[in-house]
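Good morning, colleagues. Please look at the model on the screen while I go through its surface, its strands and its charged pairs.

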Amino acid sequence: MSIKLETANPVRSFKGRGTEVVADRVSEQGRTAVVCASAGNLGWALSWSGRRHGLDVTVVASRHAPAAKLDRIRASGAVLDVVDGDFDMARERAADIARRRGIRLVEDSLDIETCEGAATIGLELAQHAPSFDAVLIALGGGAMATGVGYVLKTLAPGAEVICVQPQGAPAMTRSWRERRVVTTDSTDTIADGVAGRYPIPAVLDDLLVVADAAVLVEEASIVAGMRMLLRHAGLVVEPSAALGVAAVLEDPNRFAGRHVVTILCGSNVDMDAYHRWVRPDSHDSEPSGTNHSA
């Protein structure tokens with residue numbers, strides 16, 4: 001297995017690739033303010049990019065988001081609006097703010113700039129084709145999966161594009177399997193970065209074109225993946241970044257003898273929670289996810 005590291009940057013996730021494209025285009029249009037809903041990583045990345053381009057940034061996030069992510073958004077200078085609900089409720093609030101203030105709403109995965117930014121990961125991977133057989137991509141809203149997927153299907157068509165999602169947040173995977181939007185009433189996973197309930201129809205359409213497979217993994221496998229990345233690579237990652245490793249752990253026969261790449265998409269994790277998950281005696285118990293209901 002090879003690792004595509006997306007954590008060694010100022011915002012510790014791949015999201016800055018997309019927010020740099022967004023902020024540059026918004027500035028070129030002469031606009032001065034943006035708003036987004038975020039599980040944490042997009043908000044910090046947009047705040048960082050907005051500051052570099054002189055934009056006022058408002059981030060709407062759930063109170064359930066990891067405190068470390070919320071703290072970084074506040075410290076970046078953005079206005080943080082915390083809602084008493086989950087990420088999808090934050091999306092509704094952000095859309096309302098955009099309408100009332102007449103400012104640009106940045107919608108992760110739906111806005112082409114976020115997918116174009118993620119697609120640059122695919123360009124970097126394609127430079128090494130055909131040395132790998134499959135790429136494992138964490139699946140949340142779909143920006144990374146569709147962006148990277150489109151590039152690989154064009155430049156490295158022999159590589160299998162496999163999306164990975166937690167069992168406790170399966171909406172997009174179920175939608176991909178049924179080829180229609182499937183929603184869920186709640187999510188229950190420690191992988192907060194991919195915990196959405198309402199897939200975006202246009203994003204699903206793109207995913208159906210580029211994804212070869214979509215798999216669901218258990219919480220215990222996610223934790224085991226985080227532990228392996230720490231032990232064998234010296235890397236601290238957030239749960240969403242360990243989804244690819246979790247997929248290999250759950251189905252080793254599928255990947256035996258193959259060269260697989262997994263994208264480590266972020267490392268913005270609450271360290272107290274991280275230490276609870278990866279401590280040596282934690283393997284005997286199931287990790288405690290965060291249940292978010294409508």
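Leu 230, Val 236 and Met 271 together make a nonpolar surface patch of about 210 Å². A patch here takes residues with over 30% relative accessible area and no salt bridge; like charges are joined within 9 Å, and nonpolar side chains (Val, Leu, Ile, Met, Phe, Trp, Tyr) within 5 Å. The areas themselves come from the Shrake-Rupley method with a 1.4 Å probe, and for residues only the protein chains shown count as cover. Met 271 belongs to helix α12, residues 271-278. Its relative accessibility is 36%, so Met 271 counts as partly exposed. By that scale, buried means under 20% relative accessible area, exposed means over 50%, and partly exposed lies in between (1.4 Å probe, protein chains only).

Two remarks on the source. This is a predicted model, in which local features need pLDDT of at least 70 and side-chain atom pairs count only at pLDDT 80 or more, while totals for chains, interfaces and linings use all residues. Residues are numbered from 1 along each chain as its sequence is written, and side-chain values use heavy atoms, with hydrogens and water left out.

I turn to the strands. Helices (H or I, at least four residues) and strands (E, at least two) are DSSP runs numbered from the N terminus, and two strands pair if DSSP finds at least two bridges between them. Which strands pair with β10? Strand β1, residues 2-5, runs parallel to β10 and is joined to it by 4 bridges, with Leu 5 partnered by Leu 264. Strand β6, residues 134-138, is also parallel to β10, through 3 bridges, and there Leu 136 has Thr 262 as its bridge partner.

Elsewhere, β3 (residues 56-62) and β4 (residues 79-83) pair in the parallel sense over 5 bridges. Between them the chain passes through helix α3, residues 67-75, in a right-handed β-α-β crossover. Right-handed means that, with the strands pointing away from the viewer, the path from the first strand over the helix to the second runs clockwise. Within this pair of strands, Val 59 stands opposite Leu 80.

Finally, the charged pairs. Side chains of opposite charge can pair when their charged atoms come close. The structure holds 24 salt bridges, each being a side-chain nitrogen of Lys or Arg within 4 Å of a carboxyl oxygen of Asp or Glu. One of them joins Asp 108 to Lys 15, with the closest N and O atoms 2.4 Å apart. Asp 108 sits in the loop between β5 (104-106) and α5 (112-126), whereas Lys 15 is in helix α1 (residues 15-28), 93 residues apart. Both residues, Asp 108 and Lys 15, are buried.

Arg 25 and Glu 116 form another salt bridge, at 2.9 Å from N to O. Arg 25 is in helix α1 and Glu 116 in helix α5, so this pair ties together parts 91 residues apart in sequence. Arg 25 is partly exposed at 30%, as is Glu 116 at 34%.

Asp 88 and Arg 91 meet at 3.0 Å, N to O. Both lie in helix α4, residues 87-101, about one turn apart. Asp 88 is buried at 5% relative accessible area, whereas Arg 91, at 27%, is partly exposed.
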